Number of protein chains: 2
Amino acid sequence: MENNGFCNDKYGNESSDDDLVDVSASAQDLLEDLPYDEQYYGQGYSTGGRGQNGTAKLLDLLDDGLHGLGTYDDFNTIDWVREKSKDRDRHREISKKKRQSVLDLLLSVSDAFSGWLLMLLIGLMSGALAGGIDIATHWLTDLKEGICMNGFWFNHEHCCWDSKETTFQEREKCPNWKSWAELTVGVNEGASAYVVNYLMYVSWALLFSYLAVVIVRAFAPYACGSGIPEIKTILSGFIIRGYLGKWTLVIKTITLVLAVSSGLSLGKEGPLVHVACCCGNILCHLFTKYRKNEAKRREVLSAASAVGVSVAFGAPIGGVLFSLEEVSYYFPLKTMWRSFFAALVAAFTLRSINPFGNSQLVLFYVEFHNPWHFLELFPFVLLGIFGGLWGAFFIRANMAWCRWRKNTRLGQYPVLEVVLVALATALLAFPNDYTRMSGSQLISELFNDCSLLDSSQLCDYTTQVQGGAMNGNLSHGANFSNGLSERAAGPGVYTAIWQLALAILFKTLTTVVTFGMKVPSGLFIPSMAVGAIAGRLLGIGMEQLAFYHHDWSIFSGCCITPGLYAMLGAAACLGGVTRMTVSLVVIMFELTGGLEYIVPLMAATMTSKWVADALGREGIYEAHIRLNGYPFLEPKEEFEHKTLAMDVMRPRQSDPPLSVLTQSGMSVDQVEAIIADTSYSGFPIVVSQESPRLVGFVLRRDLVISIDNARRCQEGIVGASQVLFTEQTSNPVGPPPLSLRSIIDLSPLAITDHTPIDITVDIFRKLGLRQCLVTQNGRLLGIITKKDILKHMAQMTNRDPESILFN
Amino acid sequence: MENNGFCNDKYGNESSDDDLVDVSASAQDLLEDLPYDEQYYGQGYSTGGRGQNGTAKLLDLLDDGLHGLGTYDDFNTIDWVREKSKDRDRHREISKKKRQSVLDLLLSVSDAFSGWLLMLLIGLMSGALAGGIDIATHWLTDLKEGICMNGFWFNHEHCCWDSKETTFQEREKCPNWKSWAELTVGVNEGASAYVVNYLMYVSWALLFSYLAVVIVRAFAPYACGSGIPEIKTILSGFIIRGYLGKWTLVIKTITLVLAVSSGLSLGKEGPLVHVACCCGNILCHLFTKYRKNEAKRREVLSAASAVGVSVAFGAPIGGVLFSLEEVSYYFPLKTMWRSFFAALVAAFTLRSINPFGNSQLVLFYVEFHNPWHFLELFPFVLLGIFGGLWGAFFIRANMAWCRWRKNTRLGQYPVLEVVLVALATALLAFPNDYTRMSGSQLISELFNDCSLLDSSQLCDYTTQVQGGAMNGNLSHGANFSNGLSERAAGPGVYTAIWQLALAILFKTLTTVVTFGMKVPSGLFIPSMAVGAIAGRLLGIGMEQLAFYHHDWSIFSGCCITPGLYAMLGAAACLGGVTRMTVSLVVIMFELTGGLEYIVPLMAATMTSKWVADALGREGIYEAHIRLNGYPFLEPKEEFEHKTLAMDVMRPRQSDPPLSVLTQSGMSVDQVEAIIADTSYSGFPIVVSQESPRLVGFVLRRDLVISIDNARRCQEGIVGASQVLFTEQTSNPVGPPPLSLRSIIDLSPLAITDHTPIDITVDIFRKLGLRQCLVTQNGRLLGIITKKDILKHMAQMTNRDPESILFN
C-alpha cells in the first residue's frame, strides 16, 4: 500500500530517491484527507536527525503550496536559532548539489542572487508607490483650495506650469487655476470669497478624513497608525499575521493619501516605512527562500524599512542607519549592504517618477551659504534643550491621551473622533497661512535661506544700506548689495513671527490628539514642523540681535542663517520624540549635503536626546509598544535589581510542578493526557521523573500531529503503546512502540538557576530564543519564556505584568 | 590581628561598611608582602554571590593602582559575558548610590559623561597626531627633491607660498625652493642635474626606510604593518599586551612618517587606524570604568578605529561604518553614536591644524560637474570586474610572498629586505612622473576633472572648435568654448597614458612585496592608486571614443568624466582587496559629496566584491589574520559540513577523561594535584564523579590564588582539608573545610552534545564566550573552547589545525 510507504517515511527513515515521484503523487492524494498535513515533518530538524535528507527532499516536493508549513501561530514568537539553522541546512543542501550538474549550479547561483533581485523589486515597487502617494497627496491637498480648469487632475503647480506665464509673480495668479471662490462667487477677494474658500477647505478636509477612517475600519484595521512600533515588534520575532499583507498595503496607501490631504496634523513618512515593509513582505512570496523562513524574511523587512525612510526623505544612507538604529533587531552586514542597494534603487525610482521637475533627490533640499560661528553653538544647544523638552512633553501628553482614549468611551467612536479632530484642525488651520499649508510645505519654507527672488513673507526684510540713512522695503527682487546677512526685519517678518508662534501651539496640540487615531499617521513631519518653527523664530531673533549689535563678538562673522536654525530645531524635536541619533544626523546631513553643518546638528541632537532621556527613558515608539502590550524585548533597558534566573522561571514556588515528558516509559495515552491537561506550547523531555535530567524539547503541535498521524498510518499504535524519545527503537514486550526521536529538539538551550537575569536577557536577545530551560546541578528545574522575562521586567518597573498581552 | 580580618573577608562573607577604612589600610600594608594580590577577589562574580557587596566595595578601594586586577594573561581570550556582567554590576552600584547624596549623584553623572569626555579626548589627540603626521610626511617627501632656502623646515608648497609670485606658473619655479641639483651643480636642467636629483632621491629614500625599519625593530616590533588584522583580533576579545601601548604609538607615528616619505609603495591610512586605537587605549587609562573592563575598553577601541578612518580620509560617517563593517566585533548603538562624535571631533581637529590652507575636510576633494549616462554603467561594471580580479590577484600574490618570506631565510633579514625594496622602488620610481610623486598626490591628480587652468599633463587636450577646421594645442589656459567634454587628446595625454600603464605594473609589483614588511604600511593608498590609474585610462579611452563617435547613443549626453572613472576604479580595487562594501561607498560619497555618483560607485564596488569573492572568500585582512594564526572567529564563514558539538569538544575519544573537580569530597591536596597535572585554564565542577552533573566552573588562576591565600591566612587549612564548592559550610569531622563557593562561576553556559556546530559558533560569537561545556542528558561530557572551534574550522577547510597559535 502506497500510503504505508509514505507514513513510514516520516519517522526519519531514509527514502530512496527513486520513490520520489510515486510517493509525492500519493502524498498529494493524502493531503486532501488529512487535517494535519505531513508537512510538519519536513522542517528538517537540523538538530536531531542526520539521516533525514531523504525525508527532507521528499517533503520539499510536497510542501509547495501547502499551508502552514514551517509557520507559527498568529501572535507567537519565532525561534531565531531554529529558523537560521533551517536556512543554513537549505543553503548547505544547495551548495552540496551545485557540483553535480550545470542545472544545480545555475540554481545555486540564482539562489545567491535572489536576494539582490528581491531588493531590486522592493526598491522599484516602494519607489513607485511613494511616487504615486506623492502625486496623489499633492493633488488632493490642492483640491482643498481650488481646481485646475485644464483638467481637474492637475495640481496647482502642474496646472500653472502649462500656462504661458513663466515668471514667479505671474505664476502665482495663473488663470487656469481657480480657487473655489472664483469658481462659485467669481472673485477671489473679499469676505464672501474668504467664506467660500474656508467652507470648501473644511468640507474637503471632513470628507477626506471621514473616507480615510471609514475605509481603514472597513477593510484593514491594521492600516492605522504609523506602523513603526508594530514593525519593530515584528522584526524582533513576533508574528502578526496580515499586518504586512496585501490588503493592508492597498488600504494604507489609499487612506494615507486621504489622511495627509485632509490637513490633519500628520505626516506620511512613518507610514511609508509600513508601506515599504508590506511591499517587502508581499514580494518575499516570490522566493521560496524568503517565503518559508521567518528569520530570512525579517532580514528583508529590515531592508524594506530602510527603503521606507529612503523614499520618505530621499536619504538612502540615513534610511539604512535608521533601520539599523531604530527598527531592526537582527541586522547582519549582508543585510546592510542589500538594504543600501534597495534604498538607492527606491530613491532613484522615486526621483525618476517625480513629476514636479524638481530634480533634487531629497525631500527638503537646502543649501546654506554662510558658515556658522563657534559661539552660535550656544543657541544651537538651546534648540536641543527645547527639542528634548518638547519631545518628552509630547510623549507624556500623547500617552496620557491614548490611555484616556483606551479607557473611556471615546475609544468606541473612532470615526467620530477622527472627523471631529479633522473639523477642529481645519477650522483652526485655515486662518493662519502657516498652518493652512501642508506640513512639508511649511518645513520647506522654514528651512529656506531667503534668496534675492524670494517673495515669501518670511523674507520680507528692510535693507539698511551702508551709511544707514536710507530705509526702504526692498524685499521683492531688491538689490541686496550689502549682503543678505545685514538686514532688519520688515513688517512681513513681524506678522510671520506672530503667525508662527500661534502655529507652534496649534501644531503641538493637534499632533498630540492626532497620533494614535485610527488613520495612517506619521509623526516625523509634525514634530519636525514644530521644531522648525521654534528654530526659525530663534534664528530670526538672533539675526535681529546681530543686526542691532554687530559689534558683539558672536556676530563678528555676521552670518546668522535662520534657515539653519529651523533645520536644527526640526532635528532636535524629532530627536526628542524618537530618540534617533546617528540616523537623524545622517538624514539631515543628506538633506544639506555638507559636512559643515554636522557639528551644529550633532550638538542639537545630542542635547535633545540627553534632555529627553533625563525626563523619560522611552521614545514614542517604545511607549506605544508598551501601551499596546507587544512582547518586545527592549535592548536598551537596564536592570537595577539583581535577580537570578530562578526568580523568573516558571513554575513558581506556589505553582504545580513543571509538565515534563520522560524519554521512555510513557504511553501514548499518558502523553495525550498531558497534552490535554495543559496549554503549554512545548514540553521538556527528561530522562525520568526521578532523575529529571534534560534530554530535549518537543513542541506541542509537533507532538499532537505525530501522534495523530501515527495512530492513523502506523500499524499497531494504540493508547498503550510506549512513546520513545530515545534512540533505542525495539521494545520487547507489549504493542509496538512509537518512536518520536526525530521530532524532538536535541539541543535546547539550558542555563543554570544561578544565571543573573541580565545575562539571561542578553542570551535571549542575542540568540533570539523563544524559551530557555533552567537547570540546577544538571536537573531540570523550570522554563523561562520571553513572556516571563517581559512580565518580570514589567514587575520590576512597577507596571502591571498582565499588560503584556501576547505570548 | 588586622590581617586575619582581611583574609576572612575574601571568601564572600559580608564586611560592614564601618570597617572599610581600617581594612583598606591594612590591605595596603599586605600588598607589599604578597606575591598574589588580593585583588583577584574583587572582580565581583556577579554570577555567584549575592552577598558580595561588602567585599566588592572593600576591594574597590583597594584595587586602584594594583596591577593585574581583572586582567587576563597575554595572548588569551576574554570572556565577554563576564566582563559585561562586571560592568553592569558597577553601573548598578553607582545608580543605587546616586540617590544617597549629592556627591554620589555627581559621581553618577560624571560616570555617565566620562565616555563622552573620553571620546572627545581621543578625537582631539588622534586629530592632532594625524595633522602632525601629515605635516611631517609632506616635509620629508619634499626633502627628497630639494630644500627651502627660507628655512629647511618648510615644505615645497609652504616655501613657495611665502614668495611673492602668486600665479600658478610662477609658483612652479619659485626661487626659494632649490632642487638638490640647483644647490650642488647650480642648474636644474641637463643630464648632470638629473643624475644629482636622482641620486639624492634614492639616498633619502634609503635613509628614511633604513631608519624606519631599524627604529621599529629596536623599540616596538608591534609597530609594523597596517595593524588592522591585529586590531580586528583584539576587538574580537584577544589580548595582545603592548600592541596598543604608548611605545607602539610613539614609534609607529615616527616610523610611519619615515616609511611614507621614503617613497615605498604604502599608505598611511591603515596605520592611522592603529595610531588612533593606541590613543584610545592609552586614554582609557584615565577612566577606571574603561581601564578595568576589557569589554568596555573594546567599545572605546571600536570608536577609535572609526576615528582613524575619519582622519585618514576626512570621512566621519564612512569611518563609523568602516568600524562597524570591517573591524568591530561588538558594536552596540551607544558606541556607534559616540564613535560618530569622536570621528567628527577628530576630523575637525585635523582640519583646524591643516597648515596648507586647503579648507576641505576630505583627503581627495573632487567635484564633478557632468552627470553620467545610464549606458556608462557598462564601463563602470568593467572597472568593478578589474578591481575584483586585481584584488583577488593581489591577495594571492601577497600571501604567497608573505608565506615565502616566512619560510625562507628572507624573513631573517628584515632590515636588508626593507632597504632593498626601498632601493628598487626609488630607482624605478624616479624616472616616471607618476610613480615619483606620492601615492596620495597621484590619486588626487587622477581624480581631478580637468579645469581650464590645469597645467597637468593629463589635461593636455587639443580642442576641436566647431566646424572642425582649426586644430591647435590650446591646453594651457586656452579657451574651451566648446565645452570640456569635446576634446581630443594632445601629446601630453598620450605620454601620460604610457607612463600610467607602466606605473600600474610598477605599483602592483612593489605593493605585493611591500605589504607585510617590517615597517608601518597601509594598503588603502596603493590599491586605490592602481585602481585610479586603471580607471583614468579607461576614462580617457571612453572620452576619446566619445570624441570620435559623438553619434553613438551612449555618448548622446557627451559627458565622459575621466576623473569619475578614476574614482570608481580606486573604489573597485580597494573593494576587491578589503571586501568593504557600505563603508567604502560612504567614504567615497563623502569625498564627492553628491548622491549623484552613488549609483556608479555601488555598481563598481558590488561587481568588484562579487568577482573577488568568487575567486577567494577572504579579504586581505582575514588572510593576514589566518597567516599569523590569530584566534579570530570569522562571522562570515559558512559550514558545509554538519558536525555536532560532540565531534568538536574535548576530550576526544582517544583522550584521557575530562579533568573535573567535584563539589565536595576532594581534599586540598587532591585539588592541587589536579592543578599541577594539567595546564587547563579552568575546571568544571560536578556533583560527583559517578554523577557528573554540572555545578559550575572555576578558573585555574582563581583556584590557585584562593588555595594559596587560604593556606597562608586561614587557620586550620591543611592538605587534608576538604574543598567545598557547595553552600553547606560545616564539616563535622576532620580539619576545617575550605569553602570556595564564592569563586566559582555558577552560570557556565552548557550546550548538549547534539547541538550543531553552526549553532555553537553562533552562540560563541554572539555571546563572546571563552569556553562552553557540553552535556549529554544532563551529564557533563566535555568542553569546547574558541580554539577547538577554530581548529575544527581549519580542519574542515583542509588547513593545518596547528596553525592557530594562540589560545
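Predicted model: local features only at pLDDT ≥ 70, side-chain atom pairs only at ≥ 80, totals over all residues.
Let's start with a pair of helices in chain B. The axes of α4(B) and α5(B), the latter covering residues 102-143, come within 8 Å and cross at roughly 140°. By the cut-offs above, α4(B) and α5(B) are therefore oblique to each other. The crossing here is left-handed. On the α4(B) side, the residues that make the contact are Ile94(B), Ser95(B) and Lys97(B), and they meet Asp104(B), Leu107(B), Ser108(B) and Asp111(B) of α5(B). Sort the residues of this contact by class and you get two nonpolar, two polar and three charged ones.

Now hop over to chain A for another pair. Here helix α5 (residues 102-143) packs with helix α12 (residues 269-284) at an angle of about 140°, and the axes are 9 Å apart. Once again the label follows from the angle: α5(A) and α12(A) are therefore oblique to each other. Their crossing is right-handed. From α5(A) come Leu118(A), Leu121(A), Ile122(A), Met125(A), Ser126(A), Leu129(A) and Ala130(A), while α12(A) brings Leu272(A), Val275(A), Ala276(A), Cys279(A), Gly280(A) and Leu283(A). What classes do the residues of this contact of α5(A) with α12(A) fall into? Eleven are nonpolar, two are polar and none is charged.

Helix α17 (residues 377-407) and helix α22 (residues 524-548) of chain B pack at an angle of about 150°, with 11 Å between their axes. That angle makes α17(B) roughly antiparallel to α22(B), since angles over 145 degrees get that name. When α17(B) passes α22(B), the crossing is right-handed. If you want to find the spot, look along α17(B) for Pro379(B), Leu382(B), Leu383(B), Phe386(B), Gly387(B), Trp390(B) and Phe394(B). Across from them in α22(B) sit Ser527(B), Val530(B), Gly531(B), Ala534(B), Gly535(B), Leu538(B) and Met542(B). This contact has ten nonpolar residues, four polar ones and no charged ones.

Next, zoom out to the two chains together. How many residues does each chain put into the contact? Chain A gives 50 and chain B gives 50. On the chain B side, the elements that each supply at least two residues include the helices α4 (80-97), α15 (316-327) and α16 (333-353), along with the strands β9 (694-699) and β12 (750-752). The largest share, seven residues, comes from α16(B). By class, the side of chain B that touches chain A has 26 nonpolar, 13 polar and eleven charged residues.

So how do the two chains relate?

Finally, a few backbone details are worth a look. Most residues other than glycine have a negative phi, and most peptide bonds are trans. Against that background, Arg579(B) stands out with a positive phi of about 65°, although it is not a glycine. You'll find Arg579(B) in the loop between α23 (562-578) and α24 of chain B. Then there's the bond that joins Arg650(A) and Pro651(A), which is a cis peptide bond with omega of about -5°. Pro651(A) belongs to the loop between α27 (645-648) and β6 (661-662) of chain A. In chain B, a cis peptide bond joins Arg650(B) and Pro651(B), again with omega of about -5°, and Pro651(B) is in the loop between α27 (645-648) and β6 (661-662) of that chain.

One label comes from a record: in an unreviewed entry, UniProt places the feature "domain: CBS" at residues 649-715 and 743-802 of chain A. In the span 649-715 of chain A, the end C-alpha atoms lie 41 Å apart, and the span is 36% helix and 22% strand.

Technical notes:
Residues numbered from 1 in each chain as written. Chains lettered and ligands numbered in written order. Contact = placed C-beta atoms within 7 Å. Helix = DSSP H or I, 4+ residues; strand = E, 2+ residues; numbered from the N terminus. Nonpolar A, V, L, I, M, F, W, Y, C, P; charged D, E, K, R; others polar. Axes fitted to C-alpha atoms, helices over the stretch in contact; angles between N-to-C directions. Parallel < 35°, antiparallel > 145°, perpendicular 65-115°, else oblique. Left-handed = near helix turned anticlockwise from the far one by under 90°. UniProt positions renumbered as here; feature names shortened; annotations may be inferred.
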